[in-house]
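Hi everyone, thanks for coming. Have a look at the sequence and the structure on the screen, and then I'll walk you through a few spots.

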Amino acid sequence: MSYTKLTSALVRANRDNINRIRLSSGRLRSTAASTQPKEKSKELLGEEFALVKPVQVDLISETKNVANAQPCKVEIDFENTKEAYRSKDNIELLRSLLVFKLCTFDILVDKNKELMALSKKVFGQRLFEKLMRMTFYGQFVAGEDHESIKPLIRKNQAFGVGAVLDYSVEEDLTPEEAEKKEMDSCVSEAEKESPDNDREKKYKAHRQFSDRRGGVISARTYFYADESKCDNQMETFINCIRASGGSSVDGFSAIKMTALGRPQFLLQFSEVLVKWRRFFNVLAAQQGKSGLTALEQTLDLEPLKESLTKLGVGAKNDIDNLLTGDKLGSSGTIDLLDWNSLIDDRTEISNLLMVPNLQTGKLEPLLKKFTVEEEKQMKRMLQRVDVLAKHAMENGVRLMVDAEQTYFQPAISRLTVEMQRIFNKEKPTIFNTYQCYLKEAYDNVIVDVELARREGWHFGAKLVRGAYMYQERDRAREIGYEDPINPDYEATNQMYHRCLELVLEEIEQNRKANVMVASHNEDTVKFTLHKMNQMGLSPTENKVYFGQLLGMCDQISFPLGQAGFPVYKYVPYGPVNEVIPYLSRRAQENRGMMKGSQRERTLLWKELMRRVLGGQILYKPVY
């Protein structure tokens with residue numbers, strides 16, 4: 001499929017223009033699938049803030065309607081450190097305890113970059129690298145290249161845990177350099193000539209927030225330099241896809257849209273989608289249908305035709321033709337999943353950026369002009385997306401598209417859904433990411449689930465809580481638009497579980513949906529297991545996956561893997577000096593986790609003491 005087909009799919013799709021926002025770890029990843037042992041074992045999976053008693057989960061066979069299906073009982077023991085840390089020797093346990101303890105000291109975390117630079121000067125490069133391998137690098141990074149990480153991948157697979165390869169080399173820009181790159185890449189030539197245009201402030205670049213790394217500790221940030229750099233980043237993604245396909249069956253890889261092109265296009269296309277969605281709401285209000293849920297809100301066909309004719313979208317006959325056949329909603333109505341048919345099938349990317357002006361009653365371009373180079377840059381971005389999707393298909397790899405900031409996300413989600421409509425016909429190849437700290441997360445999920453059900457393709461989702469909360473709230477407050485984030489942590493938890501239950505129910509009903517539960521929260525994992533038991537979803541179906549970061553929450557990952565659940569560790573790799581920005585973010589992320597709960601350190605100490613008292617001072621994993 002060429003980029004023109006992807007573009008045509010974008011503008012033809014019977015799809016709503018709903019604004020959609022998501023989380024991710026935001027890093028480049030590829031996976032080696034888990035090798036699941038047949039033996040069932042006791043599990044270490046518990047509450048995040050308190051030790052709890054073991055519970056038992058019954059998982060029936062993968063065909064729910066088989067009358068004689070026998071339940072497969074899996075006991076999950078939240079205290080069983082022997083099973084949780086079987087893959088770790090005592091040196092690794094001590095290293096984890098040391099690193100997690102260091103992460104609780106504010107001064108070390110706040111000044112981690114300066115301290116690493118000082119250590120390099122004092123000890124020299126060679127001794128510095130050795131020190132890092134013994135501590136933070138050894139805890140959170142698997143090695144320098146594809147070859148050096150293979151022993152860790154093989155070991156984890158032997159204990160039932162797959163790997164999501166993450167080439168974690170990050171550009172270490174100063175704030176001034178980041179600001180310049182962002183402003184240069186997000187402001188079009190038309191905006192430079194006419195800065196006082198009618199663009200919405202949320203979807204415009206603002207200098208005080210141009211360094212998108214601010215307040216973000218769990219996601220990688222890409223800044224546009226030129227088209228050559230985007231090509232290089234695409235090649236890196238391709239290498240990860242190939243590595244995943246070469247090391248496993250049904251592996252995972254992940255991409256970030258801002259790595260593949262100039263972010264100006266994502267800003268502009270997001271604004272167009274949001275304005276069309278707002279136009280739908282205006283028309284619904286005119287028909288007395290405001291205040292309904294996303295899928296309940298529909299437009300009666302005849303009044304809609306009259307409104308569109310008055311607006312100047314087209315002549316009456318043209319509108320009649322537009323709203324007939326496969327573009328006509330059921331029972332003479334048009335819903336959100338039909339709404340996108342109002343955008344013409346145009347191959348010029350700039351023609352996608354037409355918006356309704358409610359004051360003039362006409363369709364107008366978002367910007368007065370696009371340069372030839374801007375047009376080419378937009379097309380090349382879609383070409384890169386198309387190339388990556390093809391490579392994923394050819395290598396048998398599932399491709400996860402990471403979520404980003406809310407001002408980019410409507411366009412990212414729309415591009416992802418269009419890839420799903422094309423590449424998910426036979427199996428779930430493309431996965432969209434949903435950030436559950438957003439107020440509209442559930443609407444985003446339910447609309448996409450309904451679209452997949454209606455059109456018959458495989459729905460694929462990765463559920464995360466979110467990576468940009470502080471930045472999003474600060475930006476909304478300073479610039480002056482509604483805060484998109486849920487009011488508190490509990491509301492986010494409820495949203496996550498609500499979205500997860502929706503997808504699990506879809507899996508239960510037709511077995512064509514798939515979900516990655518990307519979470520370090522033990523309550524969420526426990527909730528998932530409970531719902532899988534209730535719905536008769538077996539781990540052997542490979543419909544529900546779990547994901548955590550390397551070096552964190554082993555008490556979740558390894559018990560799951562040893563019990564036969566598809567679980568993956570995100571495995572970063574890269575040279576010591578070039579992954580320092582990644583290590584800096586991991587230190588900051590662990591500070592919050594370690595201060596909020598001592599559970600992981602408590603379990604590590606418990607296992608270490610068990611081994612010492614049991615005469616296993618020289619314990620080595622057997623696999």
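Let's begin with a helix pair: α14 passes α15 in a right-handed crossing. When I say helix, I mean a DSSP run of H or I with at least four residues, a strand is a run of E with at least two, and both are numbered from the N terminus.

Before I go on, a word on where this comes from. This is a predicted model, where local features need pLDDT of at least 70 and side-chain atom pairs count only at pLDDT 80 or more, while totals for chains, interfaces and linings use all residues. Residues are numbered from 1 along each chain as its sequence is written, and side-chain values use heavy atoms, with hydrogens and water left out.

Back to our pair. Two packed helices are described by the angle between their axes and the distance between the axes. For α14 (residues 372-395) and α15 (residues 409-423), the axes come within 11 Å and cross at roughly 40°. Those axes are lines fitted to C-alpha atoms, for helices over the stretch in contact, and the angles run from 0 to 180 degrees between N-to-C directions. So α14 and α15 are oblique to each other. Oblique is what remains once you take out roughly parallel (under 35 degrees), roughly antiparallel (over 145) and roughly perpendicular (65 to 115).

Which residues of α14 and α15 meet? On the α14 side they are L382, V385, D386, A389, K390 and M393, and on the α15 side L415, M419 and F423. Contact means heavy atoms within 4.5 Å. Sorted by type, the residues of this contact are seven nonpolar, no polar and two charged. Nonpolar covers Ala, Val, Leu, Ile, Met, Phe, Trp, Tyr, Cys and Pro, charged covers Asp, Glu, Lys and Arg, and the others, Gly among them, are polar.

Now a second pair. Helix α11 (263-286) packs with α12 (residues 301-311) at about 125°, their axes 11 Å apart. That makes α11 oblique to α12, and α11 passes α12 in a right-handed crossing. In α11, F279, L283 and Q286 meet L304, S307, L308 and L311 of α12. This contact splits into five nonpolar, two polar and no charged residues.

In the loop between β5 (251-255) and α11 you'll find R262. Is R262 buried or exposed? Buried, with a relative accessible area of 12%. The cut-offs are under 20% for buried, over 50% for exposed and partly exposed in between, using a 1.4 Å probe and protein chains only. Leaving aside neighbours within four places in sequence, R262 touches D184, S185, V187, Y224, E374, Q377 and M381. Take Y224: it is 38 residues from R262 in sequence, and 5.9 Å away in space, C-alpha to C-alpha.

Next, some backbone angles. Most residues other than glycine have a negative phi. N542, not a glycine, has a positive phi of about 55°. N542 sits in the loop between α19 (522-535) and β14 (544-549) and is partly exposed, at 37% relative accessible area. C553 has a positive phi too, near 55°. C553 lies in the loop between β14 and α20 (554-562), and is buried at 2%.

Finally, the whole chain: 22 helices and 15 strands, with 60% of the 623 residues buried.

Technical notes:
Left-handed = near helix turned anticlockwise from the far one by under 90°.
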